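Subject: Structure for you to look at

Hello,

Please find the structure below, with the sequence. My notes on what was found in it follow.

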Amino acid sequence: MDKHVIVEGVGGSRELLLGNEAAVRGALEAGIGVAASYPGTPSSEIGDVLSTIAGAAGVYFEYSANEKVALEVAAAAAACGVRSFTFMKHVGLNVAADSFMTTAYIGTKAGFVILTADDPSTHSSQNEQDNRYYARLAGVPLVEPSNPQEVKDFMVASFDISEQLGMPVLFRTTTRISHMRADVVFGDRRPAVAKGEFVKDAKAYVPVPANSLRMHVQLLARMDEARRLSETSGLTRVVDIGQQPTIGIVTAGSAFNYVMDALEQMGASARILKLGFTYPLPLDRIREFAGTVEQLLVVEELEPLMEQEIKADFLSHRIATPVLGKEDLQISRAHELNVDIVTKCLGRHFGIAVTDAAAATVKAWPSPLPLRPPVLCAGCPHRGTYMAVRRAIRELALPEPIFASDIGCYTLGISAPFSAADYLLSMGSSIGIAAGFDVAQDRRVFAFIGDSTFFHAGLSPLASAVHNKHRMVVTILDNRTTAMTGHQSNPSMLTGAAGEPAPAISIEAVVKAMGASFVRTINPYRVEDATAAYREAIQADGVAIIVAKQICSLLLDRAKRAKGVWQTFRVDAERCTGCLTCIHEAACPAMYVAQGHAVINQDLCDGCSVCSQVCPEHVIEVKR
Ligand code: SF4
Ligand code: SF4
């Protein structure tokens, strides 16, 4: 799809959009002037679209160094009266949380929406935290759509809610909503206004204790108003399925879709209260709804948040309607739901033979998809880096070190034969983790961090490691892009979000200025040189830095294709001894074993050459 349709589509037109694309259209229809983000799946496509169309839409868009900075950019713009939008994956909100929490106190002048894209079942994340808690923790309204049309419509409504209440709105999607594709009917676009005016008012914007105490009281009053708004919100509706339903179901987000499919499969009747404005919960409305049914089921993904609040409310209001939730329906608190799970859980409760219904869903798939374990791409420069690390360790007969890893493609160094990821917490955590291992045990410590991750959250731990005289080898895997989320820009690059020229910050200059004891830049495609650099780094004191600089192989491929240059490598089967050193050291997905010798799949080989550099017989040859 041409992304410009999202800007140019007129009210009433219809387009097939991804949930994330619908979020952009909704933000444009709401008239945003400023947007900022740090890329993270499952929200990445929002930035991909905005980086392409922001100029045409009259919107300022940037990839900030991390989610906290992005939220701050949007918060300040909203304080100037400019409708502002920031979006991030669920764990990104942890990074932004410090400012997010206080934003709730300060409130907003213009509409300010913070989209959190949660990832139940951790499709591309380190945890499956339920960010609905953040709305409750900070005290901000929460809106949750169930499909791309709602993503677009609810986004527009969220900016209105934000302005009406004078507070930011948390907008929560999950992977299935972000990546669902469906028809979306456009509304009219409100003109983007990218400039406003900041009216100084320290009492309103500077939360020193005297002000923050008052702000907290104001926040509670705004949340009372938010509850009144939630009670009458058009984002919440009742859906009747079947004849004379006696069972009521309260649900929201993707769980609503599974409930609808499950009822259809079972041919069962139910009244559904489908919530869109999910915090504060419209408890009056839920009590009233409960009065129309004999029992109330709460179907929600991950934590039993709505269930607990509804049960507590019914108890205090002496509502007799039984409320059944996670334990009663045997719906797990872990992992995302799907149609089969919800069909089985509801089927048990409805007394309907669920195995047939569940099987029908499974039968709809012609065959299971083959398992594809995650692996570094053929030609990935990180392969050469990890090969050099392992070679240097072997050559120095170093006792097995501890490897602190970080968030990025290079986390795949966890796999054999590299086995270079022993501990991982979050973005930028590797250097701090390495410092802890340095003080609490005696083996040599390595940290691996990407270029984008380094600027996201690696600067402070590096300063701390140098200042506290830790000893470690830090590898900054600089593949000249933010690769894992789709090649977005970062501060080490010469281009900004839309590909426009931008000042690049030298990683080498930064780490030297921060006092690293040893700094060396390597080309990971030159295994011998890289190994020599690691031998030196391992023997150095203090914080030794290796900058492994080589462009992501996917980007390199594009450049090579554009120039019409291509090379692959092949094994001379006649001379190959079958020692398999190449496969054991490089573990490249383009290589396999046939008839006792190594073979390179010419369709997969990227021509990086690292396997040829470790073949003791020199029988891996270039084939242009
Ligand atoms: S390292 Fe060389 S000789 Fe050994 S299996 Fe690979 S191609 Fe053959
Ligand atoms: S087969 Fe060898 S040259 Fe080809 S991509 Fe893999 S490691 Fe690189």
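Strand 10 (residues 247–252) and strand 13 run parallel and are joined by 5 bridges. Helices (H or I, at least four residues) and strands (E, at least two) are DSSP runs, numbered from the N terminus, and two strands pair if DSSP finds at least two bridges between them. I249 has L297 in strand 13 as its bridge partner.

Before going on, a word on the source. This is a predicted model, in which local features need pLDDT of at least 70 and side-chain atom pairs count only at pLDDT 80 or more, while totals for chains, interfaces and linings use all residues. Residues are numbered from 1 along each chain as its sequence is written, and chains are lettered from A and ligands numbered from 1 in the order in which they are written.

The sheet around strand 10

In which order do the strands of the open sheet of 5 strands stand? The order is 9-11-10-13-14, and the pairing is mixed. Strand 9 (237–241) and strand 14 (323–324) are at the edges with a single partner strand each, so one side of each has no neighbour in the sheet. Helix 12 (residues 283–290) lies across strand 9, strand 10, strand 11 (270–275) and strand 13, and runs at about 155° to strand 10. Such axes are lines fitted to C-alpha atoms, for helices over the stretch in contact, and angles run from 0 to 180 degrees between N-to-C directions. Two residues are in contact if their C-beta atoms, placed from the backbone, lie within 7 Å.

Domains

The chain is divided into domain 1 (5–232), domain 2 (237–363), domain 3 (381–558) and domain 4 (567–623); these bounds come from an automatic or database domain assignment. The centres of domain 1 and domain 3, taken over C-alpha atoms, are 33 Å apart. Between these two domains, 18 residues of domain 1 are in contact with 16 residues of domain 3. On the side of domain 1 that touches domain 3, helix 3, strand 3 (60–63) and helix 5 (90–106) each give two or more residues. Helix 3 gives the most, with 6 residues. By class, that side of domain 1 has 8 nonpolar, 8 polar and 2 charged residues. Here Ala, Val, Leu, Ile, Met, Phe, Trp, Tyr, Cys and Pro count as nonpolar, Asp, Glu, Lys and Arg as charged, and the others, Gly among them, as polar.

Strand 16

Is strand 16 enclosed or exposed? 6 of the 6 residues of strand 16 are buried, so the strand is largely enclosed by the rest of the structure. A residue is buried if 20 or more other C-beta atoms lie within 10 Å of its own, exposed if 12 or fewer, and partly exposed in between, with C-beta atoms placed from the backbone. V445, A447 and I449 point one way from strand 16, and F446, F448 and G450 point the other way.

Leaving out residues up to four places away in sequence, F448 touches residues including F403, Y410, A420 and L477. F448 and I546 are 98 residues apart in sequence, and their C-alpha atoms are 9.6 Å apart in space.

Ligands

Ligand 1 has 14 residues around it, of which C576, C579, C582, A598 and C615 come nearest. A residue is near a molecule or strand if its C-beta atom, placed from the backbone, lies within 6 Å of it. Helix 23 (581–586) and strand 22 each supply at least two residues of this shell, and the shell has 9 nonpolar, 4 polar and 1 charged residues. Around ligand 2 there are 15 residues, and C588, A590, C605, C608 and C611 are the closest. The shell around ligand 2 divides into 11 nonpolar, 3 polar and 1 charged.

Backbone details

Most residues other than glycine have a negative phi, and most peptide bonds are trans. Two peptide bonds to check are the cis bond between T41 and P42, with omega about 20°, and the cis bond from A416 to P417, with omega near 5°. P42 is in the loop between strand 2 (34–37) and helix 3 (44–57), and P417 is in the loop between strand 15 (402–404) and helix 18 (429–440).

L302 has a positive phi, near 65°, and lies in the loop between strand 13 (295–299) and helix 13 (305–316). L302 counts as buried because it has 25 C-beta neighbours inside 10 Å. S609 has a positive phi too, near 85°, and is placed in the loop between strand 22 (597–600) and helix 24 (610–614). With 17 C-beta neighbours inside 10 Å, S609 counts as partly exposed.

Regards
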